[in-house]
Amino acid sequence: MAEARKPVPVPSLESWPYWEALKAHRLMMPRCGACGHRWFPPSLLCPACNARDVTWAEVSGCGKVWSFVVMHRVYHPAFAAEVPYVVALIELAEGPRMISNVVGIPPDAVRCEMPVQVVFDDRDGATVPLFAPAGAAAGRIA
Amino acid sequence: MHPLRDKYAIVGTGKSRLGRVPDLSALGLLEDAMKNALDEAGLTNRDIDGIVCRGPDDIYAHHQEIAARLGINCAFSTSLDNGGASQILAVMLAVMAIEAGLATTVLCGYGRDSWSRTHRSGEGRMQQNLVPSEQRPREHGPEFGYFAAVATHALGARRHMFQYGTTREDFAAIAVAFREHARRNPEAVMREPLTREDYFAARLIADPFGLYDCSLVTDGAGAVIVTSAERARDLRARPVLIKGFASFNNTGGWYLEDHMVSTAAGESAERAFRMAGLGPADIDTAQIYDCFTYMVLTQLEDYGFCKKGEGGAFVRSGALALEGSLPTNTSGGQLSEAHVEGMLQIVEGVRQLQSVYPPERQVRNADVALVSGHGGNTVCHSSLILGRA
């Protein structure tokens, strides 16, 4: 039986620039050309002012853990070898919050408000943004 | 005084068999519950001219399917989609339709076959139980192993623990209190004793949630009939008055602002209390949407039964017990009776006010009941305040 692969994100018509930038290891967020609001996930209109003026701006990749859970139950065979693993809501320094994993640290050491930094996981033709404790080696994960 | 306060009533309630009911589909379960509600009210299909209902998301035109099975032509009918907030919203729509002259007697119901559909195959058990595959997220979630409602709600629980010092001891108190109620309810699926020690010994699902923080995966349905208070006086069942209702939805998103720790229940509660002319101190029993233990804790705070951040101390005080200051989820709730997406909470609120139960299961002197509904990616909320006629 073939080894189960982790799901590869399927971009939408609004999110494809985000995923394209990630392939180059750049974390880009939508930013409103009219009011400056940043948001996530990507959509056609600015959720703050509804302007049709989506621009894309790279963010620092620095953030903090807003909240997190430690997944023990296996819902997908590709994660069977990963449990327990951390799913977190990350608040980026620029404001938007996004779901990701916290890696490079034991699950029981993760805390709310812990500073983290993006790392890039290249996976079957896509790149997925994960987060590691700030100060750990940035860049591609092992 | 609000013009609709006490103007409408619930005149019949019904449940299907609950738990493992592999011989009935989601629609069959709802037929069973609706027929029981009609019988209790002393009504027939010919008396019904409105249907508002909901079932699993892969049953399209749900109200047409159920109306056809019951043989009802409707002046007003619709399916609705506001997650666990839908069932109270169905009662609200029924009132609005009658008030607008569109119908006179409206049947509301919800049925699901969650146990059967997740236990037909090993693959079924792996899936998030009710979301059709084509509607599951394909980005910003699955690539991180972020699946299932349990994780979404657990994020809120963790943040609440961080901000307010809430602990799993608090969640345990909720699970144990509701199980004690289920033990007195012959219809409840989970009637074995549950102790604090059992709670902590159980496997973790999405920490901070373990097995007993999660509501049940069950087959079941519930139904209620709404009509005017005036018409209700002539019917068989003891009517229960609709004193207030409201909804509020933090549809901007669960992840935004402080939505995870102060839910849409706060705004919904304020509006419903205003309509009813009542406050938290007037509530004799609460039936709170308990998809997960934490959601009860935060809603108790959001409704004003205690201050924000003090929900842990409140639930550990014994308040939720049948003899406590706020008997809550007196059927066992979705954590221990059965999970029918909030519909059974409405049924339980009505029946407590009708005083139909034996003493060991009956809230004494229950004049006013609060029912809450919550869901739709955890951002949608509805509130219903019922009163003894």
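**Close-up 1. Strand β7 of chain B and the strands beside it.** In this predicted model, Ile10(B) is found opposite Val226(B), a residue of β7(B). This pair belongs to the contact between strand β1 of chain B, residues 8-15, and β7(B), two strands that run antiparallel and are joined by seven bridges. Strand β4 of chain B, which covers residues 106-113, is likewise antiparallel to β7(B), and eight bridges join these two strands. Within that pairing, Gly220(B) in β7(B) is the bridge partner of Arg112(B). Strand β7 itself spans residues 219-228 of chain B, and because 10 of its 10 residues are buried, the strand is largely enclosed by the rest of the structure.

**Close-up 2. A β-α-β unit in chain B.** Strand β2 (residues 50-54) and strand β3 (residues 76-79) of chain B pair in the parallel sense, with four bridges between them. One of the residues in this pairing is Val52(B), whose bridge partner in β3(B) is Thr78(B). Together with helix α2 of chain B, which comprises residues 62-70, β2(B) and β3(B) make a β-α-β unit that is right-handed.

**Close-up 3. A salt bridge between two buried residues of chain A.** The side chains of Arg123(A) and Asp121(A) meet in a salt bridge, with 2.9 Å from N to O. Arg123(A) has a relative accessibility of 8% and therefore counts as buried, the cut-off being under 20%. Asp121(A) also counts as buried, because its relative accessibility is 13%. Side chains that carry opposite charge can pair when their charged atoms come close.

**Close-up 4. Two salt bridges within chain B.** Asp23(B) and Arg17(B) meet through their side chains in a salt bridge of 2.9 Å, N to O. Asp23(B), with a relative accessible area of 54%, is exposed, whereas Arg17(B) is partly exposed at 45%. A second salt bridge links Asp302(B) with Lys308(B), where the closest N and O atoms are 2.7 Å apart. Of these two residues, Asp302(B) is buried, its relative accessible area being 12%, while Lys308(B), at 28%, is partly exposed.

**Close-up 5. A salt-bridge network with residues from chains A and B.** Salt bridges that share partners bring Lys64(A), Glu91(A), Arg97(A), Glu113(A) and Arg159(B) together in one network. Over all chains, the count of salt bridges comes to 37.

Note on methods. Residues are numbered from 1 along each chain as its sequence is written. Chains are lettered from A and ligands numbered from 1 in the order in which they are written. This is a predicted model: local features need pLDDT of at least 70, side-chain atom pairs count only at pLDDT 80 or more; totals for chains, interfaces and linings use all residues. Side-chain values use heavy atoms; hydrogens and water are left out. Buried means under 20% relative accessible area, exposed over 50%, partly exposed in between (1.4 Å probe, protein chains only). Two strands pair if DSSP finds at least two bridges between them. A crossover is right-handed if, with the strands pointing away from the viewer, the path from the first strand over the helix to the second runs clockwise. A salt bridge is a side-chain nitrogen of Lys or Arg within 4 Å of a carboxyl oxygen of Asp or Glu.
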